[in-house]
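These are some notes for a colleague who is about to look through the model. Please read them with the coordinates open.

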Amino acid sequence: MSAKQSQITTFFSQNKKQKKNKDSDGNSTSVNILSTNLNEIQGEIALCADMLPLESSETSTLALPTASSSTLASLTSPSSTSVSLTSPSSRLPLPTSPSSTLALSTSPSSTLVSLTSPSSVLALPTSPSSTLALPTSSSSTLVSLTSPSSTLVPLTSPSSTLALPTSSSSALVSLTSPSSILALPTSPSSTLALPTSSSSTLVSLTSPSSILALPTSPSSTSTSLTSPSSTSASTTTKLKCEAICCTSNDLYVPRNQSDFKLSSDKRSCQLGWFLKYQWLTYCQSENKVYCYFCRTAYYRGFHPEPNKSGEAMLAFTGFSDWKNAIARLKKHESSKIHSDCVYLVKQQPKPTVAAQLNLTHQIQQAKRRRMLLTEIQCIKYLLRQGLAIRGHVEDEANLIQLLKLRASDVDGLAEWLKEKNYLSHDVINEICQLILSIISERKIYSIICDETRDESGKEQLCFTIRSVDNDFIIYEDVLGMYMITSQSAADITKVILDIICRCNLDIKDCRGQGYDGAPSMAGHISGVAARIQRLCSKAFFVHCNAHSLDLTLQDLTSTSSSISTALNITNDIINFIKDSPKRLNLLDTLTDLNNYTQLKPLCPHRWTVRASSINSLLINYSLVKTALTEIGEEGGHPAPKANGLTEQMDKFSTYFGLKLGEIKTDEYFMIFFQGIQAEAKSLTDEPFLPRPRKPPLRFTNYLPTPTRYETIYDFYHYQYFEVINKIIDALDSRFKQSVFPLLCNVEKFILSVANITREEDTVRLNDIKEFLVDDIDIDQLERELTMLPDYFSTVNKQKNLNLKRITKISTICELLNIEPVGKNLFCEYRKLLLLYLTIPTTTATAERSFSALNRIKTHLRCTMTQQRLNHVIIPHIHKEKLDLLDLNRICSEFISKNQNRKNLFGHE
């Protein structure tokens, strides 16, 4: 036996109990239990036969050579056996001196060590530079653990080397007994050379509940488990939630008793328990408590009894039996396993001074970065809502006050405010500039411009870009407000071209212009539209349709006495009542706040508001008339005006004029007039014909003969049609634009080619050639048009859209978006759609930006610079785009501007 033992050179020393008390310098060992499919293992490792027994007495010891450079003879014969420990508590201390060499068996079927006795311990080498050369022949087995509770103690010495088998079909370890434990190297610089040949097996666990603790050093690898009862540590780690209570490296204790949730029996965890048992930690999502040390030891892989059911609750499953909590916590605190876990966790290696300083610096950088992100979030909120960032006094600024409000929720924000770092005006302007990342990268565009005067008396030009993406979604992006010193066409054109150049846009890609009808903008010789069209002939000018419609209604009110009278009476009545709180209160008293619609003032610019103002008077017609009568009866200064307004409201013609806003067609007039007569019976006097006025004789030859009406119906019928005719004349006058015939033909062409059956007045391709030149391949477009109707018909049938005829441009866009292949197949037709949709129709976006300007640049904020105005107004206009911004990206971009910020906040 001693002759064979002399062949062994380096092995491991330390039994299981010694490891618990001396494992103070190693890295924390993680328990990885890896489940492998049975099909991946070629076969179970059979135990080698005929182990050479030691003495049968307990605690027998076999002392192997410990001298330096000692050599033992290797086992080369088949079926040879190195050592067999069959006695309980047998120990095999192997060489511990430096440079010892252990040459292991190389013959087939040889077995190095077989542990068959309960509680047998194999202590492996702990000396530096020890080398363990493992078997290299096929079918050889390094260690066979067949007895319950057999233990293989790990390498704990630095630079220890474990060379594993490299031949085919060789097996490193075979664990066939219940509860067998194999602990592999955990010390720094330990080396684990794994099998490299085909069909070789590292470890085979065939017994239930077998546990293999793997190395955590840089060279560590995985194992193979074939037992059905083997457990995976990766699944147990999922028991941790992702909240800070479980992800933090420290204990988590709620601040207040109210933070604890009630269980089903109306009990909850008590805050006093955390003061008495300072190892308790709480999980918010699971509403359970854990032992911090036992849980940490379990997840790091060095828990003494990870499978003990009694300790599982406080270790990793959680404890929530609040009724029996005091007794259970007291018992756990006095247990030996808890004491061992506390010792093991506290004995984990401490980082070096440099590592601690580096960690502290990283924590401080992360904290500052969180404060900066909070500041950016507050700026974003103020920009979105159009609120002032600064204040008359710096400490009263909205940004500072908002940050102080958030200081109660964000730890460390109060100290950040005291330091006043990165809160200057220049930094805030820079952050606002980074937020403005909204300019589109689409090539074809149109420009929309309009001017207005702000609160400080400066003339502001609103510049807007209109573009269309590949999904036919239209974008109108306000790029900013630009102060102009002159309203001449030359100066405005110069400003527009400068903006286009600064935005890296090409004037040759401009396909449309949208302005109001001012001579400096729409002049056909030297206006802005004409000047830009000389630079780009396809930049078609469109007079804003909303302005044209407004001018049409203005023309109607100036020529139609019925409409003009109705608007004037509405304005006088509403202003008369709203100018006095006493009169407004009179309306509330008369109705007891029931069935009362607030009177709306007559807006001087917006016709939709004018319509709602007239409707509010019609709804409250009887109520207002009663109020005016009472005011007139009271006497005093307002009585004469109230009596005059009451007299006007008593007339049928006044009520008829207010109702003229509902005009429709000739066939509708009879129904319209009969309805007004029925409503006016209780509101006004009976209608009557006006007395015909005879002109003086001296004017007889110059004035037309007045029209005489036979009936009241004819008289009001004439007024009805007079309004309709004047509306038609005004529309024809205001909407006669040179570009409209071309655009109408383009629209008709797009719709007609999409339908299989063509109408008689179909627009041909030559009719819109001016619109297509330089942008579309006409020959390719003609080939696409032959297949287009059949494609739309097929999509209509497949998607069950039930379209009989395509009559809208939006329908064509939807059909092309349903199948992406359509856009590629009909690329020229798609370009035609994009060009048509790019042409602006109104300047409503610019008009809305003026409303935002009035909200932002008020009398109290009229001293802001032009740069700050653009930084503030653009996010307020584009709220939907502001909501989609990634503030973390903005924060990183701000930090990357210079090295000082990188050092202060850290750089990802």
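1. Basis of the notes. This is a predicted model, in which local features need pLDDT of at least 70 and side-chain atom pairs count only at pLDDT 80 or more, while totals for chains, interfaces and linings use all residues. Residues are numbered from 1 along each chain as its sequence is written, and side-chain values use heavy atoms, with hydrogens and water left out.

2. Overall picture. The protein has 36 helices and 21 strands, where helices (H or I, at least four residues) and strands (E, at least two) are DSSP runs numbered from the N terminus. Of the 908 residues, 46% are buried, a term that means under 20% relative accessible area, with exposed meaning over 50% and partly exposed in between (1.4 Å probe, protein chains only). Where contacts join residues at least 6 apart in sequence, 75% of them join residues at least 24 apart; contact here means heavy atoms within 4.5 Å.

3. Helix 29 against helix 31. The axes of helix 29 (residues 809–818) and helix 31 (residues 827–838) come within 12 Å and cross at roughly 135°; axes are lines fitted to C-alpha atoms, for helices over the stretch in contact, and angles run from 0 to 180 degrees between N-to-C directions. The two helices are therefore oblique to each other, given that angles under 35 degrees count as roughly parallel, over 145 as roughly antiparallel, 65 to 115 as roughly perpendicular and the rest as oblique. Helix 29 passes helix 31 in a left-handed crossing, meaning that the near helix is turned anticlockwise from the far one by less than a right angle, whereas clockwise would be right-handed. Ile809, Ile812, Cys813 and Leu816 of helix 29 make the contact with Tyr829, Leu833, Tyr836 and Leu837 of helix 31. These residues divide into 8 nonpolar, no polar and no charged, where Ala, Val, Leu, Ile, Met, Phe, Trp, Tyr, Cys and Pro count as nonpolar, Asp, Glu, Lys and Arg as charged, and the others, Gly among them, as polar.

4. Helix 26 against helix 31. The axes of helix 26 (residues 740–752) and helix 31 come within 11 Å and cross at roughly 145°, and this crossing is left-handed. Leu743, Val746, Glu747, Phe749 and Ile750 of helix 26 meet Tyr829, Leu832, Leu833 and Tyr836 of helix 31, a set that divides into 8 nonpolar, no polar and 1 charged.

5. Aromatic pairs. The structure holds 34 aromatic pairs, counted where rings of Phe, Tyr and Trp (its six-membered ring) have centres within 6.5 Å, with planes under 30 degrees apart taken as stacked, over 60 as edge-to-face and the rest as tilted. One of them is edge-to-face: the rings of Phe260 and Tyr282 have centres 4.9 Å apart and planes at 80°. This pair links distant parts of the chain, with Phe260 in the loop between helix 4 (244–247) and helix 5 (271–276) and Tyr282 in strand 15 (residues 280–283), 22 residues apart, and both residues are buried.

6. Two loop residues. Ser268 sits in the loop between helix 4 and helix 5 and is buried, with a relative accessible area of 14%; among the residues it touches are Phe260, Trp273 and Trp322. Ala397, in the loop between helix 10 (353–385) and helix 11 (398–406), counts as buried at 1% relative accessibility.

How values were computed:
Lists of a residue's contacts leave out its neighbours within four places in sequence.
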